[in-house]
Amino acid sequence: MIRIDKEVFKGMKALAEDNHPNEVIVLLRGKRSGDEYHITEYLIPPFGFGSKRSASFPAHMLPMDFSILGTAHSHPSGNLNPSTRDLHSFYGRIMLIIGPPYSMDNVAAYTKQGKSIPVQVKSN
Ligand SMILES: [Zn+2]
């Protein structure tokens, strides 16, 4: 289960909307205990790049940071499935995909193995 702080989700939503119809990618920071993830912050990766078909960043430019749980990116097409490329460029432990209209009902989360995991916004 992944829980995202409400303010964090709002920020990601605004970013996805602003970049539409291009994809945008962010890094997710937070805490993990076992299979429970709590996302408390998102970061815009240095030199991130988003086009209509993909979003990426040069992972080697990042400092070693163990509080990075994974990434979130938008799929302006609305298809919430990870692409082959998404799975190959997986960074961290979890990957969130958000589609228009970028509401909580349009978020999917996956493990590195491509397995879907439940995600919810924490109202705080
Ligand atoms: Zn993707």
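Some bookkeeping: residues count from 1 along each chain as its sequence is written. Because the model is predicted, local features need pLDDT of at least 70 and side-chain atom pairs count only at pLDDT 80 or more, while totals for chains, interfaces and linings use all residues.

Let's start with the sheet. It is open, has eight strands in the order S9-S8-S7-S6-S2-S3-S1-S10, and its pairing is mixed. Strands are DSSP runs of E, at least two residues, and helices are runs of H or I, at least four, numbered from the N terminus; two strands pair if DSSP finds at least two bridges between them. At the edges sit S9 (116-117) and S10 (119-122), each pairing on one side only. S10 runs parallel to S1, joined by four bridges, and there Ile4 stands opposite Val121.

Now, helix H1. Which of its residues are buried? Val8, Phe9, Met12, Leu15 and Ala16, where buried means 20 or more other C-beta atoms within 10 Å of a residue's own, and exposed means 12 or fewer, with C-beta atoms placed from the backbone. Down the axis of H1, the buried residues fall within an arc of 125° (taken from the directions from helix axis to C-beta atoms), so they line one face. On the other side, Lys6, Lys10, Ala14 and Asp18 are exposed.

Finally, the largest nonpolar core: 28 residues, with Met12, Val26, Leu28, Leu96 and Ala109 touching the most other members. Such a core is a set of buried Ala, Val, Leu, Ile, Met, Phe, Trp, Tyr and Cys residues joined through C-beta atoms within 7 Å. Thanks, everyone!
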